[in-house]
Amino acid sequence: MATVTELIGQSVWDANGVWVGHVVDIRVVRHKGELQQSHTVYGLVVSQHRAPLLLGLTREREGRSPWLSKALARVLYAGCAFVPWARVADYGGGEVHISALKRELDRA
């Protein structure tokens, strides 16, 4: 599994080799109740514009999202695509290849 810093900024390519954009954020699920908290990646937010300020915008330390952050995120994430982790076929070397077509992706 790649680390967050390895995935942020990588180019994303669909199943036909069409460029989708850059990874600008990573969505994770936090597992509570375990001795040591762990996280599982459930998807990538991909944008055609590089925007490093998006990283962590919608999350507080406790995992809650204040209403202002949610509203700001809706504006900043407009036009971004969400790629479920299950659709990631390969990653590394600065590129992420997915098993879906660009037009099939949901908007974040």
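Analyst: A strand here is a DSSP run of E of at least two residues, and strands are numbered from the N terminus. By that rule Ser47 has its place in strand β3. Note that the model is a predicted one.

User: Why is Ser47 called buried?

Analyst: Buried means under 20% relative accessible area. Ser47 has a relative accessible area of 7%, so Ser47 counts as buried.

User: Which residues is Ser47 in contact with, leaving aside its neighbours within four places in sequence?

Analyst: They are Gly21, His22, Val24 and Cys80. Contact means heavy atoms within 4.5 Å, so each of these four has a heavy atom within that distance of Ser47.

User: What makes β5 and β7 edge strands?

Analyst: The open sheet has 7 strands in the order β5-β6-β1-β2-β3-β4-β7, with mixed pairing. β5 (88–92) and β7 (106–107) each have a single partner strand, so one side of each lacks a neighbour in the sheet.

User: What makes a group of residues a nonpolar core?

Analyst: The members must be buried, belong to a set of residue types that includes Val, Leu and Ile, and be joined through side-chain atoms within 4.5 Å. The largest such core has 16 residues. Val12, Leu44, Val83, Val88, Val96, Ile98 and Leu105 touch the most other members. Two or more residues come from each of β2 (19–31), β3 (38–47), β4 (81–84) and β6 (95–98). A second, separate core has 5 residues, among them Val24, Val45, Tyr77 and Cys80.

User: Which residues does Leu44 touch, not counting those up to four places away in sequence?

Analyst: Leu44 touches Leu7, Val23, Asp25, Ile26, Ala81, Phe82, Val83, Trp85, Val88 and Val96.

User: How many helices and strands does the protein have, and how much of it is buried?

Analyst: The protein has 2 helices and 7 strands, and from the N terminus its elements run α-β-β-β-α-β-β-β-β. Of its 108 residues, 34% count as buried; by the cut-off, these have under 20% relative accessible area. Among contacts with a separation of 6 or more, 55% link residues 24 or more positions apart.

Conventions: Residues are numbered from 1 along each chain as its sequence is written. This is a predicted model: local features need pLDDT of at least 70, side-chain atom pairs count only at pLDDT 80 or more; totals for chains, interfaces and linings use all residues. Side-chain values use heavy atoms; hydrogens and water are left out. Buried means under 20% relative accessible area, exposed over 50%, partly exposed in between (1.4 Å probe, protein chains only). Helices (H or I, at least four residues) and strands (E, at least two) are DSSP runs, numbered from the N terminus. Two strands pair if DSSP finds at least two bridges between them.
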